[in-house]
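Trainee: Could you walk me through this model before I start on my own notes?
Mentor: Gladly; have the picture open beside you and ask as you go.

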Amino acid sequence: SIYEMFGNECCLSTGEVIKVIGFKINKLIASICENNEFSRFSAKVELPLNFPGLYKVVADKTPYVSVEEITRKVAIGPTRFGHPCFYSSEDIKLANFTIKHGEQITFTSVEEVNGTMSVNCVMVRNNQTHSFTLPLSQEGKFYECEDDQIYTLKEIAEWKIPKCRHRIVKLSNTLHMWDSSNPLPENFDGCLILMPVYEVQAVMKFRKDIVHILSDLDVEVKDITDGSDINSFLQPLSLEDVFERTSMEFPMVAEIMEGPSETQNPYNLLSTGKEIIIYKKYQAARVLASEIRSDSPKRHFLIPKSYKGKFKRRPRELPTAYDLDIARSEKEQLHVVATKAFASPHKEFFSVSVGDQFLVQQCQTREILYEGRKKLVDVLACEQILSDTYKKVLLPMYMEGSFVEVIHDKKQYHLSEICKEFHLPFNVKVSVRDLSIEEDVLAAVPGLQFEEEITDSYLLISSATNPVESWEIPVYRLNILVHLLSKDVQGVVPPVTKTTVEEISEEQYYMVRRYENQTLHPPPRPPKKPT
């Protein structure tokens, strides 16, 4: 029979041998729920995996009865997505350790330990990390922990929907304006029950692409695994699979079985059937930058340190005196102008008018009289710039004003110089574009804020047929499938690496910032008014 799947005809003849390589959620059926409860009267809508928005996962109230059930139904993997957290309703006594009921247990991986299949676990107690294993045979009542992270629908589909269960999610951020094509009600901010619709991913002996078969397709099949030569089929690998290979296995040649959805350079060169050389894997630094604009949506970029353009500084907007203290540096004196008035309730502090200019000095502590009692308050010592002199003034750190930086520095900087000489965030605009890039997307942006430096995983690749240049592709943001070819490229030197500025979506931007900052302590909050 001939079936049409995703616009492509696929012939499934009687006797055709198919190797199933995986199951994947193709789309989600969503029902609006009230008080986290499902109603059979709720309207159902179909959501594609790329449906915009960020969502919080609601913890499943139904317990798992063993560690084995968790490993069978919940995705556990090497990335941050694959580290689910549970707690036991009862104490669990190990050989030299007791897990108390209610303590959060993070499952990180599954492996065989001394002949017993076990889960590697991590737990934090009194700011100390404890590592241990739990056998799959461990029984009890294990409940999902609350998850304060936010996810895209695609991430939830891949990692956060247990097998044979549904998932309740709460909309956290729509990221996009509502329009009539949106299947959800206008201004919706409630919970959804997600029911997955699966597809079967398979390979066939005489095809080099991946065959996608919907799970409700009416086809009779027979399991012949034991009597088949599975090595005669191609073995598809994701970029994550390739990255997990040892460094000694590189370089390697691969043929693309399924290309990416992205169309901009260089991803348009990664079309199905093309052969590439993958030279090496590594971690590379990027600067996360966002377009400076008052309305949304803003554009976001990941810029390599090899970017050859130059930048000029742009003024920063600093909303409080606390931000002035953070922004000042030893390299130069911070000069600002007030754009919002502030009337001080205490005679010790200066009242600011719009247009007042200041040179920021340093943070100090001052004693003030507040409702008849003496209080110590953090203040910022500044010099007010007058027409022919300077006046020393104190601004309370809790002051909510508004300031704009005055830039005297006219120098042009390379990206590496900015990262070395200044603290981020840092505002700039491109003054000289990178001539090595055919279309420098940064040159058209009127203003950029460099937010932070991040480190990410990349593969260095080139075309196998015409390797005149190589480029870096991100492992976790590019969805392609390849299969390895038995071609000897040991000793092959990669050609010159082409600089690529990666424009990322708003969802990807939130993901990058979330992961980069999750191990950092949050910044201290601005001081409050004395009470």
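Mentor: Let us begin with leucine 28, which, leaving aside residues up to four places away in sequence, touches Val45, Glu46, Leu47, Leu49, Leu153, Ile161, Leu194, Met195 and Pro196. Bear in mind throughout that this is a predicted model.

Trainee: Which residues have the most contacts inside the largest nonpolar core?
Mentor: Leu28 is one of them, together with Leu47, Tyr55, Leu153, Ile156, Leu192 and Leu194, in a core of 21 residues. The elements giving two or more residues to this core are the strands β3 (18-33), β4 (44-47), β5 (54-57), β14 (167-173) and β15 (191-204), along with the helix α2 (153-160). In soluble globular proteins, nonpolar side chains tend to be buried together.

Trainee: And how many helices and strands does the protein have?
Mentor: There are 6 helices and 32 strands, and of the 531 residues 43% count as buried. Among contacts between residues at least 6 apart in sequence, 68% join residues that are at least 24 apart.

Trainee: What about the backbone, where are the cis peptide bonds you mentioned to me last week?
Mentor: One joins phenylalanine 250 and proline 251, with omega about -5 degrees, and proline 251 sits in the loop between α3 (239-243) and β18 (252-258). Another joins leucine 424 and proline 425, with omega about 5 degrees, and here proline 425 belongs to the loop between α5 (415-421) and β28 (426-432).

Trainee: Is asparagine 114 buried or exposed?
Mentor: Asparagine 114 counts as exposed because its relative accessibility is 78%, and its phi is positive, near 55 degrees, although the residue is not a glycine. Its place is the loop between β10 (105-113) and β11 (116-125). Asparagine 127, in the loop between β11 and β12 (128-135), likewise has a positive phi, of about 65 degrees, and counts as exposed at 79% relative accessibility. Most residues other than glycine have a negative phi, and most peptide bonds are trans.

Trainee: Last one, what does the side chain of glutamate 68 join up with?
Mentor: Glutamate 68, in helix α1 (residues 67-73), makes a side-chain polar contact of 2.9 Å with arginine 72. Glutamate 68 counts as partly exposed, because its relative accessibility is 31%.

Technical notes. Residues are numbered from 1 along each chain as its sequence is written. This is a predicted model: local features need pLDDT of at least 70, side-chain atom pairs count only at pLDDT 80 or more; totals for chains, interfaces and linings use all residues. Side-chain values use heavy atoms; hydrogens and water are left out. Helices (H or I, at least four residues) and strands (E, at least two) are DSSP runs, numbered from the N terminus. Buried means under 20% relative accessible area, exposed over 50%, partly exposed in between (1.4 Å probe, protein chains only). Contact means heavy atoms within 4.5 Å. A nonpolar core is a set of buried Ala, Val, Leu, Ile, Met, Phe, Trp, Tyr and Cys residues joined through side-chain atoms within 4.5 Å. A polar contact is a pair of N or O atoms within 3.5 Å; within protein, one must be able to donate a hydrogen and the other to accept it, and residues adjacent in sequence count only if both atoms are side-chain atoms.
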